[in-house]
Amino acid sequence: MNKEEVFELVKRYNEGKCTEQEQSLLETWYVNQSPAAAGDIAEFKLEQDLHDIFCALPKPGGKMKLWHRIAAAAAVLLVIGAGYFYIERKVAENKDQIYVRSDIKPGGNKAVITLGNGKTIDLNKSGTGVLSHEAGLLITKTADGQVICKLDPHAAKESSLMTITTPRGGAYMLELPDGTRVWLNAASSLQYLPAGVKAAERRVTLQGEAYFEVAKDKTRPFFVETAHQVVKVLGTHFNVSAYDEDLSTRTTLFEGAVLVHLSKPIPGNRYIASEARLVPGQQSLLTEAGIKLGVADLKEALAWKNGYFIFNEETLCSIMQKVSRWYNIDVVFKDHLEKTSFIGVISRSKNLASVLQLLQETGNVHFKMEGRSVIIMK
């Protein structure tokens with residue numbers, strides 16, 4: 001692949017003219033080169049990577065089509081480990097198309113704030129500027145959609161409990177009064193009781209999934225409570241996934257240090273491990289057996305925040321739970337396919353039919369969309 005071909009491929013990608021196969025592979029490739037991959041693919045970076053890979057490839061006997069050459073390069077990446085998340089698809093010869101009556105768009109910035117006095121603020125419908133200034137709490141929305149909460153030191157009353165909730169098909173980012181930034185995934189909620197600078201601690205309650213960048217304050221630890229665990233930090237970056245239907249809680253540490261411990265008894269749990277201290281790159285898994293520590297896959301844990309689904313030998317049941325939250329759909333399994341596993345990376349900005357088509361191209365599963373329901377069959 002010469003320089004002109006590389007530039008042409010990247011140009012077509014940035015113009016949205018790549019095929020589904022080319023786009024999926026390039027996105028997979030790129031997300032493995034940068035944990036925070038976003039925006040356009042840099043031509044010089046891709047050219048350098050392709051040059052290194054093709055130097056190691058056996059020379060073909062004849063001409064290869066562009067797609068075949070890219071696929072061959074990806075196969076080499078997969079072997080050497082750099083392309084671990086290449087979507088491993090066996091393109092079916094019949095190339096069945098998904099039955100679609102009407103396509104479903106991906107989720108977006110949607111959330112509702114509920115104040116202690118019962119007042120609600122629909123962030124998707126509200127404009128920019130001051131959204132609320134009552135009970136000692138000033139809530140504003142910036143031009144880029146970010147919500148910023150500030151305490152009013154001159155307020156006569158103390159601030160009351162505030163809850164921000166994202167629906168299925170929604171996500172949101174907000175900044176708390178202490179400067180902590182929180183990204184909420186779909187079908188999640190965060191309760192926050194504003195505390196003044198003299199308070200001994202900072203505390204939130206989470207249902208669902210969120211990524212935290214906690215503002216450093218050695219005098220006031222930050223606590224994240226979920227149904228059965230508490231995470232204690234002083235200032236760090238971490239992700240917590242605590243959906244009820246997952247039957248487990250995952251805490252992934254990216255920076256700093258956190259202490260995870262059980263807060264409420266779990267039926268059947270003998271407290272074999274009830275407390276764990278994480279260091280960057282570790283993940284704790286809380287189940288009925290207690291807390292188990294392991295090495296984290298940081299890209300996979302933060303894929304949702306960076307705009308991707310990343311599946312690493314993940315079951316179709318788990319995949320469709322994530323898909324159903326983001327696209328606000330119901331899922332029906334007609335055959336016993338829940339344990340079918342997939343490896344891959346798919347953009348969360350695609351319409352639902354495109355996501356399902358990529359999964360279907362394995363040739364092992366078929367989807368049918370009816371309204372907001374997806375039927376899965378052999």
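This is a predicted model: local features need pLDDT of at least 70, side-chain atom pairs count only at pLDDT 80 or more; totals for chains, interfaces and linings use all residues.
The side chains of E213 and R181 meet in a salt bridge, with an N to O distance of 3.1 Å. Because E213 belongs to strand β12 and R181 to strand β10 (residues 181-184), this pair ties together parts that lie 32 residues apart in sequence.

In total, the structure holds 13 salt bridges. Strand β12 also contributes R203 to such a pair, since R203 lies in this strand and its partner E225 in strand β13 (residues 222-225), so that parts 22 residues apart in sequence are tied together. The side chains of E225 and R203 meet at 2.5 Å, N to O. Here E225 is partly exposed, with a relative accessible area of 26%, and R203 is likewise partly exposed, at 29% relative accessibility.

As E175 is found in strand β9 (residues 170-175) and K150 in strand β7 (residues 147-151), the pair connects parts that are 25 residues apart in sequence. E175 counts as buried at 16% relative accessibility, while K150, with a relative accessible area of 37%, is partly exposed. In general, side chains of opposite charge can pair when their charged atoms come close.

The largest nonpolar core comprises 39 residues, of which I113, L123, I139, M162, F212 and F238 touch the most other members. Strand β12 (residues 202-213) supplies the largest share of this core, namely four residues. Apart from this core lies another, of 26 residues, among them F309, V355, F367 and V374. When neighbours within four places in sequence are left aside, F212 is in contact with R181, V182, L190, V204, L206, F222, V224, T236, H237, F238 and V240. R181, included among these contacts of F212, is also the salt-bridge partner of E213.

Helix α6 spans residues 316-327, and its twelve residues reach 16 Å from the first C-alpha to the last, close to the 16 Å expected at 1.5 Å a residue. Within α6, the buried residues are L316, I319, M320, V323, S324, R325, W326 and Y327. In an α-helix there are 3.6 residues a turn, so residues three or four places apart point the same way. The helix is followed by N328, whose phi is positive, near 55 degrees.

Strand β21 (residues 308-315) contains E314, which counts as buried because its relative accessibility is 8%. The side chain of E314 makes a polar contact with the side chain of K322, at 3.0 Å. With neighbours within four places in sequence left aside, E314 is in contact with E300, I319, K322, T340, S341 and F342. Among these contacts of E314 is I319, itself one of the buried residues of α6.

Terms used
Residues are numbered from 1 along each chain as its sequence is written. Side-chain values use heavy atoms; hydrogens and water are left out. Helices (H or I, at least four residues) and strands (E, at least two) are DSSP runs, numbered from the N terminus. The expected span of a helix is 1.5 Å times one less than its number of residues. Buried means under 20% relative accessible area, exposed over 50%, partly exposed in between (1.4 Å probe, protein chains only). A polar contact is a pair of N or O atoms within 3.5 Å; within protein, one must be able to donate a hydrogen and the other to accept it, and residues adjacent in sequence count only if both atoms are side-chain atoms. Contact means heavy atoms within 4.5 Å. A nonpolar core is a set of buried Ala, Val, Leu, Ile, Met, Phe, Trp, Tyr and Cys residues joined through side-chain atoms within 4.5 Å. A salt bridge is a side-chain nitrogen of Lys or Arg within 4 Å of a carboxyl oxygen of Asp or Glu.
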